[in-house]
Amino acid sequence: MDETPTDMFDLLARAHDRLDREFARILLLLNQGDAAGAMPCVRDLAASLRRHIAAENEILAPYFAAARAQSPSAPAASMLREHADILAQLAMVEDALDELAPDAGEAAIYAGLLSATLAKHEYREENDLFPQWRAVLATKPEAERTELAARLTAAL
């Protein structure tokens, strides 16, 4: 994956892949009982995941909501609800790795659940939401598309 992303949706999909690979590494550490080794990885992943969610919530969702009417059952509304759930689950993983009494077993369970939730979420984004957004974006002037991609890239 050394190639330059083809568009901002490819950039997001690649970010999903990186998050998934990092979750796999964290799960391996936790399943081996290595809470101390997992803690810095979880901190890094949490920061990346929060940046990613913030970029989608604060840049893309408002942009595309303004460009297209959204219903509460629309994929974008589902994405926002799922983001809140993902952040709550992430907090549970972090809490289980509290530095005073880390519990690798409990953290592994929460991380596994979060990893599954994230996989489902990423699939929905990439297959339901991104094609809709790509179609909307195709109708916009090149300068507007470039500016939006630059904002997203900077946020990630």
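Reader: How many helices and strands does the protein chain have?
Author: Helices (H or I, at least four residues) and strands (E, at least two) are DSSP runs, numbered from the N terminus. Here the protein chain has five helices and zero strands. This is a predicted model: local features need pLDDT of at least 70, side-chain atom pairs count only at pLDDT 80 or more, and totals for chains, interfaces and linings use all residues. Residues are numbered from 1 along each chain as its sequence is written, and side-chain values use heavy atoms, with hydrogens and water left out.

Reader: What share of the residues is buried?
Author: Buried means under 20% relative accessible area, exposed over 50%, partly exposed in between (1.4 Å probe, protein chains only). In this chain, 41% of the 156 residues are buried.

Reader: Which residues touch the most other members of the largest nonpolar core?
Author: A nonpolar core is a set of buried Ala, Val, Leu, Ile, Met, Phe, Trp, Tyr and Cys residues, joined through side-chain atoms within 4.5 Å. The largest one holds 26 residues, and Leu30, Leu49 and Leu97 touch the most other members. H1 (8–31), H2 (35–67), H3 (75–96) and H4 (104–138) each supply at least two residues. H2 gives the most, with nine.

Reader: What is leucine 30 in contact with, leaving aside neighbours within four places in sequence?
Author: Contact means heavy atoms within 4.5 Å. Leucine 30 has Ala35, Ala38, Leu97, Ala104, Ala107, Ala108 and Ala111 as such partners. A second, separate core has 19 residues, including Phe9, Leu12, Leu148 and Leu152.

Reader: What percentage of contacts between residues at least 6 apart in sequence join residues at least 24 apart?
Author: For this chain, 75%.
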